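Reader: I would like to learn how to read the charged pairs in a model. Please take me through one example.

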Amino acid sequence: MSKLLIVGTVAFDAIETPFGKTDKILGGAATYISLSASQFGVKSGIVSVVGGDFPTAYLKKLNDKNINTDGIEIIKEGKTFFWKGKYHNDLNTRDTLITDLNVLADFEPVVPEKFLDTDFLMLGNLHPSVQMAVIKQIPVRPKLVALDTMNFWMDNTLPELMEVIAKIDVITINDEEARQLSGEYSLVRAAQKIQEMGPKYVVIKKGEHGALLFNDDNVFFAPALPLEEVFDPTGAGDTFAGGFIGHIARTGDISFENMKRAVISGSNLASFCVEKFGTERMENLTFQEIQERLLQFKLLTQFEIELG
């Protein structure tokens with residue numbers, strides 16, 4: 001069984017959408033990624049940090065999904081990273097109301113010994129210096145290193161981010177971030193520029209409009225499944241990343257053809273994430289539901305046409 005190491009935030013979120021609001025609930029990039037990847041039966045572990053206010057019941061939820069939490073440092077006298085946001089009516093835009101870094105501000109990651117020989121590494125959205133610190137701790141380069149990042153790090157820590165990007169195989173970012181990172185409006189040109197920075201594969205997420213996969217001159221597009229109801233888009237991008245890397249880790253196949261299937265797997269799981277607040281839907285997802293929705297993706301994209 002492949003080993004998958006996930007680096008990212010384990011946090012509290014407070015979310016408000018047109019459909020309701022929550023108090024502090026379980027959140028964080030590593031949380032969503034790991035819950036999504038857990039659907040593939042891989043041996044996964046998280047590197048992160050929380051405060052003494054973080055409930056042990058939340059750690060148990062992760063452990064129950066066969067997610068190793070030995071790499072989650074608990075600083076008893078500290079407080080857990082907290083984010084509060086409010087989504088607009090279209091759910092595509094949001095306002096960040098509170099960001100309290102708390103214990104994350106001085107986080108120095110330590111990779112558990114049992115994951116130093118990890119086969120796959122997923123660097124979730126986090127400060128590039130933390131991502132680099134994890135890369136440097138792993139003695140033998142994993143079979144595949146994937147990175148998720150955002151415009152905040154491009155605005156504030158671009159030199160450090162570029163160092164990390166030079167050492168990875170796959171980058172997953174949204175269309176706005178791809179344009180900012182590359183300086184190109186065309187997503188095709190943006191992907192070409194980003195590949196020159198280091199990654200062999202570029203995945204550009206377009207939210208409700210699907211995702212694009214680039215590798216050299218190869219391009220693949222995966223649609224997003226049209227949903228009757230979108231309740232809360234928080235964590236959808238991280239869930240996509242978890243489905244993507246989870247599929248790759250389960251199959252051990254890093255070919256472009258298998259990357260296509262990984263993109264579909266990521267889109268499939270992200271479509272579930274948005275149906276409930278926070279991680280609720282991902283915690284209760286069944287294998288049967290995943291398979292049924294994969295069939296919907298297949299029917300959505302499959303057609304016959306005569307050429308000539």
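This is a predicted model: local features need pLDDT of at least 70, side-chain atom pairs count only at pLDDT 80 or more; totals for chains, interfaces and linings use all residues.

Reader: Which residue forms a salt bridge with Lys200?

Author: Side chains of opposite charge can pair when their charged atoms come close. Here Asp169 is the partner of Lys200, and the closest N and O atoms are 2.9 Å apart. Asp169 sits in the loop between α5 and β11, and Lys200 in the loop between α7 and β12 (201–205), so this pair links distant parts of the chain, 31 residues apart.

Reader: Is Asp169 buried or exposed?

Author: Asp169 is buried, at a relative accessible area of 4%; the cut-off for buried is under 20%.

Reader: With which arginine does Asp169 form a salt bridge?

Author: Asp169 forms a salt bridge with Arg141, and again the closest N and O atoms are 2.9 Å apart. Arg141 lies in the loop between α3 (128–137) and β10 (144–148), 28 residues from Asp169. Arg141 counts as partly exposed, with 46% relative accessibility.

Reader: How many residues apart in sequence are the parts that Lys3 and Asp117 tie together?

Author: First the contact: the side chains of Lys3 and Asp117 meet in a salt bridge of 2.9 Å, N to O. Lys3 belongs to strand β1 (residues 3–7) and Asp117 to the loop between β8 (94–100) and β9 (120–123), so the pair ties together parts 114 residues apart in sequence. Lys3 is buried, at 15% relative accessible area, while Asp117 is partly exposed, at 48%.

Reader: Which residues are linked in a network of salt bridges?

Author: Such a network joins Glu275, Arg281, Glu289 and Arg293. The structure holds 13 salt bridges.

Reader: How many positive and negative side chains does the protein chain have?

Author: There are 30 positive and 42 negative side chains, and the centres of the two sets lie 3 Å apart.

Reader: What does the fold around these pairs consist of, and why is the chain called as compact as a globular protein of its length?

Author: The protein chain has 11 helices and 14 strands. Its radius of gyration is 18 Å, close to the 19 Å that the globule rule gives for 308 residues, so the chain is as compact as a globular protein of that length. Of the 308 residues, 55% count as buried. Among contacts with a separation of 6 or more, 65% come from residues 24 or more positions apart.

Definitions and conventions
Residues are numbered from 1 along each chain as its sequence is written. Side-chain values use heavy atoms; hydrogens and water are left out. Helices (H or I, at least four residues) and strands (E, at least two) are DSSP runs, numbered from the N terminus. The radius of gyration is taken over C-alpha atoms; the globule rule is 2.2 Å times the number of residues to the power 0.38. Buried means under 20% relative accessible area, exposed over 50%, partly exposed in between (1.4 Å probe, protein chains only). Contact means heavy atoms within 4.5 Å. Lys and Arg count as positive and Asp and Glu as negative; His and the chain ends are not counted. The place of a charge is taken as NZ of Lys, CZ of Arg, CG of Asp or CD of Glu. A salt bridge is a side-chain nitrogen of Lys or Arg within 4 Å of a carboxyl oxygen of Asp or Glu.
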